[in-house]
Amino acid sequence: MSRSPSFSVKSELSLKADPDALQRWVVAFCIIRFDLEQGQLIEECYPPGCLTQEEELEVAFSSFPDSVSQHQNRSSIHDCIFFFRFRRQKQSKQGNVTSSEITEIDDKETTSTPEEEKYIRRSRSIGISKSSKYLYGYVFNRQRHDERLKRGGEQKSVVILSHGPYSSVFRPLLQIMGPLYFDIGKKAIEHIAGYVSLWPGPVPGKLMELPIGNAMLKVNLPPAHSLPLESGVSYEESASSMAPFLPNNQSVPQGLFHDSDIFGTFRGLLLQLWLLWELLLIGEPILIIAPTPPQCCEAVASLISLVAPLLCSVDFRPYFTIHDPEFAQLNALQEGDKYPPMVLGVTNLFFLKSLRNIPHIVSVGSPVPSSSRVTISSRSAGRIPGKPEGFGLQQLSLKKFSPSSLLNAVKMKRDGPLCLMTEHKEAIWSTYVATTKPDTSILNRLIDAGMSPRVEESMSVVNNEILRRHFLELTTNFLAPFGPYFRATTPSEGSSPFADPPPLPPFNADDFLMSLSARGVGKFLSKRMRSNWLDLYRRFLKGPNFLPWFQRRLAVAENEQHRLWRQARMKTDIHLLISRMPELETVDCFNAIERHLLGEIQLQQSGRAVSDSAAMCQKLKVDLQAVFNLLPNDMQQLLLLNPQRAAFLHGSSSPELTKLPGRPSIQVGDVSSSSPR
């Protein structure tokens, strides 16, 4: 098993955390104790005052294993790591971007061209408020058995709260911070906070080296296109990195929780992975039940990772308890009521009764043996190593079709999920019939690890890579038919790059389905899907994942098209371009250049300009002068009748900022009014 990174505190080193820098990664560090008389109590919260009272309660209740889910464990110390996600009470006004936010313009705010206005709006939508809609809590929980204490033991949790789904960062950080806190107490929080505040800001999709004491965390962050807009991180999205196009480098993460243990979590349900992929793709509500919090949160994370590189807009809760404020709403749903699109990870068997009408229930994991202490693995905390269970296709087939297995399957289906009240078993209860067939060639490539825990962990890495690559390819091919709607164009040869670029193709669901039905789904999917594959696309279009992904992808495609046309303007030889133009088109070109110049100056004055904005302004001024000089005298005089334009063209010899009525301040230079004609 992998060991926790070492860490030592230098007594002479006293790092003071920078609160603003700390917020880039961490909202708060909390120490929570379970008191026998008062329940969960937050002993420390650093920095103080960053959570509401309601949020403190929710964090406290979510930071301990459910008592119902815990088997008797008489080990002296039991450590586990898991994480949860909850909705903040005070939500940011800025949520997921809508189609109107992408295209609407406020005339009172800007006098830019329509193209620049849309670019400004896209820039605003991609920038994210730090008041995120959800918070993630990463927990190091310690249960200590001591006969001298009341009830023979105590429980305490070290919790890191963050805006981002960065389990690849905070899991190894907790492996350092958790034991350190139990060694030196409150000083551990101050030291860790000091080191974290020295880290550079998160860079989505990149390998980052984050120093912590004498250790170095080397972690891959999820890519920008997989992060929800309310995750509290500002980033720029690249058109080449988003579905439906295959990633340039498949070794980098393509979605959330790229390090989750798909194979170890679902090894008893491998044939059902394609069913689970479809359920998440179309946004069906799913309840995942496991014996322990680490197992259920690993299952939720693994399931979310299956749909990469799609932006997952389903509400997922890796560890959900009855104390969550939203439980009351779910518990009030009657038979026939529709559950919201969500994935809930639970350990309390009470959910089997209270949420008995949820359409899809998945049971994973194995009970923790009562005699062994659970060691924390960097990949799959809470998973039992060396579990003697075959998983090759041949073994899966034999297991599935043996008489005893068939009888057990019939009995489990008849009894329903409530059979888990007496004995935990790995199973799925769902009436949904999957369109996608299990890929037997993928299952045959999986490697049987045998009984050795060390070999098993190594083989899990290989098996996870096989499964993750397959589902990445499956999702990318499923999204491929939407590709034409996101293809940015460049100015054709001989055309003017100063004209507004053509709009991207409009999307109509009925037309899309009709076209897709006529041309087919493609060779890759046609081999893996049944004849009713078009129904899966219909469900996807109506589900919660399509519209946020499509709008986000469309905004990035428009942004890319804006960049390409802007780049073309920088490279255009204006004299060659206008030499082929008739007089009327030359006047139109003059007006277009003027609009782009004013729009660029507006971006500069508002602080939203890109790095080469000054060079672009200079190029546009030169081009504007060149076009003006080419116009006949009567046309020049007509253009100069506009006092704003006249002030702009008849500037002083030394450029200065001039404020024009109804216009932003612009830089003016010498422009000759003589014409060569």
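Hi everyone, let me start with one side chain: phenylalanine 486 is buried, at a relative accessible area of 3%. Buried here means under 20% relative accessible area, exposed is over 50%, and partly exposed is in between, using a 1.4 Å probe and protein chains only. Before going on, a word on the source: this is a predicted model, where local features need pLDDT of at least 70, side-chain atom pairs count only at pLDDT 80 or more, and totals for chains, interfaces and linings use all residues. Residues are numbered from 1 along each chain as its sequence is written, and side-chain values use heavy atoms, with hydrogens and water left out.

A search of the whole structure turns up 40 aromatic pairs. For those, rings of Phe, Tyr and Trp (its six-membered ring) need centres within 6.5 Å; planes under 30 degrees apart are stacked, over 60 edge-to-face, and the rest tilted. Phenylalanine 486 and phenylalanine 550 have ring centres 5.0 Å apart and planes at 55 degrees, so this pair is tilted. It links distant parts of the chain, 64 residues apart: phenylalanine 486 sits in the loop between helix H15 (453-479) and helix H16 (509-519), and phenylalanine 550 in helix H19 (546-571). Helices (H or I, at least four residues) and strands (E, at least two) are DSSP runs, numbered from the N terminus.

Another tilted pair is phenylalanine 590 with phenylalanine 628, at 6.0 Å centre to centre and 45 degrees between the planes. Phenylalanine 590 belongs to helix H21 (583-606) and phenylalanine 628 to helix H22 (613-630), so the pair ties together parts 38 residues apart in sequence. Phenylalanine 590 is buried at 0% relative accessibility, and phenylalanine 628 is buried at 1%.

Now, the whole chain. It has 24 helices and 14 strands, and buried residues make up 54% of its 677 residues. Contact means heavy atoms within 4.5 Å; among contacts between residues at least 6 apart in sequence, 76% join residues at least 24 apart.

Next, helix H2 (53-62). Which of its residues are buried? They are Glu55, Glu58, Val59, Ala60 and Ser62. Their cover includes strands S1 (28-35), S2 (39-46), S3 (77-87) and S5 (153-162). Valine 59 has 0% relative accessibility and so counts as buried. Leaving out residues up to four places away in sequence, valine 59 touches Ile32, Leu51, Phe84, Phe86, Val159 and Leu161.

What about disulfides, meaning cysteine sulfur pairs within 2.5 Å? The search of the whole structure finds zero. For cysteine 30, the nearest cysteine sulfur is that of cysteine 45, 3.8 Å away. Cysteine 30 is buried, at 0% relative accessible area.

Last, a sheet. Five strands form an open, mixed sheet in the order S9-S10-S8-S11-S12, where two strands pair if DSSP finds at least two bridges between them. Strands S9 (315-317) and S12 (427-429) are at the edges with a single partner each, so one side of each has no neighbour in the sheet. Strand S11 (360-363) and S12 run antiparallel, joined by three bridges, and serine 363 has alanine 427 as its bridge partner in S12. Helix H9 (293-305) lies across strands S8 (286-289), S9 and S10 (342-346), at about 155 degrees to S10. Axes are lines fitted to C-alpha atoms, for helices over the stretch in contact, and angles run from 0 to 180 degrees between N-to-C directions. Thanks, that's my tour!

Methods:
A disulfide is a pair of cysteine sulfur atoms within 2.5 Å.
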